[in-house]
Amino acid sequence: MRADAERSRRRILDAACEVFLERGPDAPLDAVVRRAGVGPGTLYRRFPDREALVRALVTDLLARLAEAAEQARREEDDPFRALRRFVHAAADLRMGAAIVVLLERLVVDGELTAARAGAVTAVESLVAAAQRAGQLRADVGMGDLVLLCVRVSRPLPGGLAALDADGTLVHRQLDLALAGLRAGVTDGAGVPLGFDQVIAAAGRPGEAGVAE
């Protein structure tokens, strides 16, 4: 793909992520076009319908989730610092919130299953490393981290949005939450929540396509 075409695709996917988070996956695609700053033809040449756009966005987000985890693992020597870096990167990209919202619209097929498996493997390796180092509570799973990102990184409603106008409040609250996940902070008597449990909770059927 030519560089200019890839830039257009990136703008569309980023705009779709923001619009769907703010207005839900049924938001008008015209809103995505306006946010991306492209013409309608540019969007529809790449994504002929809503299903194609949502599916491409989820696959892209899962790939970026995996890459953020791999980059944190490569560049941080301390396992808990690597985990923290990943969680903050995921929040910046609104990955956790967007993936859960959008997967509610899609029936998971082979492509999405493969993308999800790559993300799960990369993130769970960070979790396991921090637990082996005695830095992370044993009752923390990837699903816990994803739902933490979902809860903290969703846009605040109404006038509350002004509290996080510069994006720093999300990261402060994530650090407060992460401090409570350190080993030894509490007894950690809970059961780890896996990412597959989060996905299964949506109760989607097992055929390809868009869930009704």
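1. Helix H4, which covers residues 50-75, has 26 residues and spans 37 Å from its first C-alpha to its last, close to the 38 Å expected at 1.5 Å a residue; the expected span is 1.5 Å times one less than the number of residues, and helices are DSSP runs (H or I, at least four residues) numbered from the N terminus. At the start of H4, a side-chain oxygen of Asp49 comes to within 3.3 Å of the backbone nitrogen of Glu51.

2. This is a predicted model, in which local features need pLDDT of at least 70 and side-chain atom pairs count only at pLDDT 80 or more, while totals for chains, interfaces and linings use all residues. Residues are numbered from 1 along each chain as its sequence is written, and side-chain values use heavy atoms, with hydrogens and water left out.

3. Helix H1 (residues 3-23) packs against helix H2 (residues 29-36) at an angle of about 130°, with their axes 8 Å apart; axes are lines fitted to C-alpha atoms over the stretch in contact, and angles run from 0 to 180 degrees between N-to-C directions. That makes H1 oblique to H2, a term for angles that are not under 35 degrees (roughly parallel), over 145 (roughly antiparallel) or 65 to 115 (roughly perpendicular). The crossing of the two helices is right-handed, that is, the near helix is turned clockwise from the far one by less than a right angle.

4. On the H1 side, the residues that meet H2 include Arg11, Ile12, Glu18 and Phe20, and on the H2 side they include Leu29, Val32 and Arg34, where contact means heavy atoms within 4.5 Å. The residues of this contact of H1 with H2 divide into nine nonpolar, no polar and six charged.

5. Helix H5 (residues 79-92) packs against helix H8 (residues 142-153) at about 45°, with axes 10 Å apart, which makes H5 oblique to H8. The contact is made by Leu83, Val87, Ala90 and Ala91 of H5 together with Leu145, Cys149 and Ser153 of H8, and its residues comprise six nonpolar, one polar and no charged.

6. H5 also packs with helix H9 (residues 168-179), at an angle of about 145° and with axes 10 Å apart, and passes H9 in a right-handed crossing. Among the residues in this contact are Phe80, Arg84 and His88 of H5 and Val170, His171 and Asp175 of H9.

Terms used:
A polar contact is a pair of N or O atoms within 3.5 Å; within protein, one must be able to donate a hydrogen and the other to accept it, and residues adjacent in sequence count only if both atoms are side-chain atoms. Ala, Val, Leu, Ile, Met, Phe, Trp, Tyr, Cys and Pro count as nonpolar, Asp, Glu, Lys and Arg as charged, and the others, Gly among them, as polar.
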